[in-house]
Amino acid sequence: MLASLLLFVPRHAAHAADTLLSQGKTATASSTENAGTPASAAVDGNTGTRWSSAASDPQWLQVDLGATDTISSVTLNWETAYAKAFKIQTSADGATWTDVYSTTTATGGTQTLSVNGSGRYVRMYGTTRATQYGYSLWEFQVYGSIGGGNPPAAGTLLSQGKTATASSTENAGTPASAAVDGNTGTRWSSAASDPQWLQVDLGATDTISSVVLNWETAYGKAFKIQTSNDGANWTDVYSTTTGTGGTQTLTVSGSGRYVRMYGTVRATGYGYSLWEFQVYGTAGSGDGGTTGGSTGGGTGPIQGGGDLGPNVKVFDPSTPNLQGQLDTIFQQQEKNQFGDARYQVFFKPGTYNNINDQIGFYTSVSGLGKNPDDVQINGDMTVDAGWFNGNATQNFWRSVENMAIKPVSGTDRWAVAQAAPFRRIHVEGGLNLAPNGYGWASGGYIADSKIDGTVGPYSQQQWYTRDSSIGGWTNSVWNMVFSGVQGAPAQNFSADTKYTTLNTTPESREKPYMYLDGSNYAVFVPSLRTNASGVSWPNTPGTSIPLSQFYVAHPGDSAATINAALAQGLNLVLTPGIYHVDQPINVTRANTVVLGLGYATLIPDNGVDAMKVADVDGVRLAGFLINAGSGNSPQLLQVGAPGSTASHAANPTTVQDVFARVGGAAAPVAAQTAFEINSNDVIIDHTWIWRADHGAAATGWTVNPADIGLKVNGNNVLATGLFVEHFKKYDVEWAGQNGRTIFFQNEKAYDAPNQAAVQNGSVRGFAAYKVDTNVTTHEGWGLGSYCNYTADPTIIQDHGFEAPTTAGVKFHDLLVVSLGGQGQYAHVINDTGPGTSGTSTVPSIVVSYP
């Protein structure tokens with residue numbers, strides 16, 4: 001081998017006679033080995049930098065010359081990893097290619113190839129590697145004669161200085177307006193995800209003849225140019241899946257008031273970025289007619305406020321047949337676990353006698369007072385499990401909020417499982433959390449509530465209570481956690497008793513809620529509390545926002561319309577129902593409130609994300625469900641773009657009663673990660689993130705796949721009341737510093753087919769809660785994981801929790817449970833804590849780690 005290397009002496013390239021056309025131009029590639037070997041490094045004139053590809057065939061590297069030029073020679077300065085067989089190809093459009101050189105016996109080194117051709121794009125197309133590595137070029141140089149540049153744009157420049165909006169912005173320095181300001185030194189750039197769009201409002205319906213896109217290095221590989229008369233319904237006038245960046249002049253034929261670039265596939269790991277977006281054509285006249293708000297058509301900006309829709313039921317004490325109307329809703333929803341019907345029930349301030357509101361699936365019941373005692377229910381708000389033979393473990397997706405309840409018997413029954421919050425309630429008596437007959441139950445969550453009597457969990461496996469006041473608590477089963485609860489039982493986590501008690505909650509902010517301000521609807525947004533204990537009411541600090549400052553969305557509204565309303569500065573109310581979105585709902589403005597009513601449900605179509613939140617202060621997301629769609633969404637919810645760095649400590653974003661579901665209602669569906677949190681200082685206050693193990697539609701390992709439930713990359717993120725279940729890999733993966741979790745409930749995926757399917761390198765099974773090795777500060781209290789490997793009960797999980805062993809990473813009160821011997825844990829956390837054994841369903845615990 002040494003002899004053969006000594007025989008190989010690279011020759012210097014004979015200098016091409018013509019002009020070097022490629023240096024500093026936009027280069028792209030089929031792949032890159034890593035961030036340190038980008039395509040651009042092969043055209044930078046520096047022989048100390050290089051492009052290298054993935055280790056597979058075929059691969060290509062191409063350069064956009066910016067114009068159609070005559071090509072006379074190409075020089076390739078190979079690194080050791082060279083091509084044995086490759087072609088040099090040219091193209092006028094980046095889609096159709098012509099061979100100008102081909103070899104199957106190349107020997108690497110520096111090659112100068114005489115060619116004869118023309119094109120705007122030139123590429124090396126490698127088909128056989130000479131080594132086991134990828135293809136690698138120090139430099140790729142194209143020589144020839146300069147052509148005439150891009151064809152001129154046809155028509156009058158219509159877009160410059162007009163109003164531009166976008167699906168997202170990378171940061172405050174890259175706004176949508178920068179792409180229509182006529183300055184090629186400023187740019188718009190988006191978040192690093194697909195799809196994204198940039199649109200311009202021309203102010204009137206114009207005839208469009210051409211569009212010029214001056215891309216920054218981060219360009220669109222696949223995108224469309226679309227026009228619209230109303231900003232909601234779009235017509236394609238150009239489409240490509242082989243975009244090559246640079247400056248593109250596109251001849252189109254169409255008309256519209258709005259024109260947008262709709263990108264579906266990025267060419268790089270970054271977002272989309274345009275120095276300029278220019279629309280040319282013939283100016284029309286008059287107003288193009290934007291669609292009005294939910295209340296109907298009209299011209300001008302989208303209007304806030306409006307009707308709350310047919311599935312919001314508003315009652316007062318004089319409402320005829322009130323009990324009958326409540327019973328009708330319950331009869332429809334009692335067993336409707338995976339149906340489409342959604343209901344929000346509102347009680348206006350006043351006193352209601354002889355009420356028993358039985359609450360079924362997808363039903364939220366709320367008082368419309370400023371304080372809970374403004375709505376007095378002399379009766380019951382009841383959840384039981386008669387529909388499921390006394391088993392309450394599937395009593396999901398229902399809620400009650402902001403009222404006083406005086407139970408007929410002295411004790412109200414609230415036998416719920418996950419995603420069933422009990423918020424801002426005054427119970428003038430006791431509270432029973434178990435079903436009639438004390439069957440199985442798997443809840444649950446209470447916040448900002450006052451229970452005058454005793455709370456009896458009885459058969460409840462776990463429960464989290466925050467910032468409340470209780471008269472007493474009867475017992476524990478596996479994991480009872482309290483923070484900021486006056487009257488909570490004392491800390492006692494042992495083999496016999498499972499109480500985790502924190503005197504205060506380090507940070508909390510109550511969920512926004514709708515109320516009547518006189519005769520007008522408004523949304524009250526409570527303020528941030530630190531080291532809270534007890535309820536926030538009466539006189540809850542916060543801000544009132546009139547409904548007129550909200551876009552009131554209804555099922556059938558497009559994501560484009562919702563995004564236009566958000567971009568205009570409105571907040572968002574999602575009325576009950578199902579919302580299919582073909583692009584992410586983009587929340588880009590600080591302090592935006594998104595409030596769902598009656599478990600309003602977002603379903604992303606064609607593999608898009610359902611919602612993206614920019615890295616801004618104080619966004620409040622509350623009260624809705626995201627259901628995975630037929631595509632494979634990268635995330636269902638993303639808070640902050642990857643790499644977000646801003647501090648939001650004084651005004652964090654909150655995610656409250658926002659739930660995710662992958663499967664159950666339809667099949668097949670998929671998501672890679674359910675929730676991804678990239679912003680710093682986010683508060684996740686009660687969520688259930690669930691990969692379905694049952695449903696009206698088929699579920700299974702390959703039917704509704706999803707790898708990770710919650711991925712936290714931001715720093716200083718706090719989770720209070722975290723329920724995550726059944727994901728194929730980590731249910732929670734935490735990469736940010738100084739994360740904190742108070743209460744975690746988990747079940748590993750029931751349907752893992754065998755041990756190999758969950759093998760994580762040399763580790764048996766993916767941990768339920770994984771803290772990445774780079775993390776130096778993290779803390780958790782009251783965390784539990786259960787296994788129930790019904791497809792293969794012989795599966796062993798090496799540990800429920802995995803974290804670096806360092807003084808700054810601390811855990812308190814951990815447990816793992818094997819449900820009836822269906823799989824086992826070898827340890828609780830890392831290699832610490834006793835394993836489970838047999839069929840006894842007895843928790844194995846660790847009180848403190850390390």
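## Second largest cavity

The second largest cavity has a volume of about 80 Å³. The elements that give two or more residues to its lining are strand E40 (585-587) and strand E42 (611-613). In total, 14 residues line the second largest cavity, and those nearest its centre are Ser168, Ala191, Val613, Ala614 and Ala641. Sorted by class, this lining has five nonpolar, six polar and three charged residues. The model described in this report is predicted.

## Largest cavity

The cavities of 30 Å³ or more come to a count of seven. The largest cavity has a volume of about 170 Å³. Its lining is formed by 21 residues, and Gln344, Ser366, Glu401, Lys511 and Gly596 lie nearest its centre. By class, the lining of the largest cavity has nine nonpolar, nine polar and three charged residues.

Several strands each contribute at least two residues to the lining of the largest cavity: E18 (343-347), E20 (363-367), E22 (398-406), E33 (513-517), E41 (593-604) and E45 (654-662). Strand E41 provides the largest share of this lining, with five residues.

## Second largest pocket

The second largest pocket has a volume of about 500 Å³. It is lined by 24 residues, of which Thr393, Trp440, Gln461, Glu747 and Tyr750 lie nearest its centre. The lining of the second largest pocket has eleven nonpolar, ten polar and three charged residues.

## Nonpolar cores

The largest nonpolar core holds 76 residues, and within this core Met611, Leu621 and Phe811 touch the most other members. Leaving aside residues up to four places away in sequence, Met611 touches Ile585, Val587, Val594, Leu602, Leu621, Phe624, Leu636, Leu637 and Gln638. Another core lies apart from the largest one; this other core has 37 residues, among them Phe315, Val383, Leu433 and Ile470.

## Helix H2

Helix H2 spans residues 322-333 and has twelve residues. From its first C-alpha to its last, H2 reaches 17 Å, close to the 16 Å expected at 1.5 Å a residue.

The buried residues of H2 are Leu322, Gly324, Leu326, Ile329, Phe330 and Gln333. These buried residues pack against strands E17 (312-315), E18, E19 (350-358) and E20. Strands E18 and E20 also supply residues to the lining of the largest cavity.

## Helix H3

Helix H3 (residues 559-568) is mostly covered, with seven of its ten residues buried. The buried residues are Ala559, Ala560, Thr561, Ile562, Asn563, Ala565 and Leu566.

The buried residues of H3 pack against strands E12 (196-215), E15 (247-266), E37 (550-553), E38 (571-574), E39 (578-581) and E40. Strand E40 also gives residues to the lining of the second largest cavity. Just after H3, Gly569 takes a positive phi of about 115 degrees.

## Gly254 in strand E15

Gly254 lies in strand E15, an element against which buried residues of H3 pack. Gly254 counts as partly exposed because its relative accessibility is 23%, and the partly exposed class lies between buried, under 20%, and exposed, over 50%.

Not counting residues up to four places away in sequence, Gly254 touches Asp206, Thr207, Ile208 and Val237. Gly254 and Ser228 are 26 residues apart in sequence, and their C-alpha atoms are 9.5 Å apart in space.

Methods. Residues numbered from 1 in each chain as written. Predicted model: local features only at pLDDT ≥ 70, side-chain atom pairs only at ≥ 80, totals over all residues. Heavy atoms only, no water. 1 Å grid on protein atoms, 1.4 Å probe; cavity = no way out; pocket = protein on both sides within 12 Å on 5 of 7 lines; lining within 4 Å. Points joined across faces, edges and corners; volume = space filled by probe spheres on them. Helix = DSSP H or I, 4+ residues; strand = E, 2+ residues; numbered from the N terminus. Nonpolar A, V, L, I, M, F, W, Y, C, P; charged D, E, K, R; others polar. Expected span 1.5 Å × (residues − 1). Buried < 20%, exposed > 50% of the residue type's maximum accessible area, 1.4 Å probe, protein only. Contact = heavy atoms within 4.5 Å. Core = buried A, V, L, I, M, F, W, Y, C linked by side-chain atoms within 4.5 Å.
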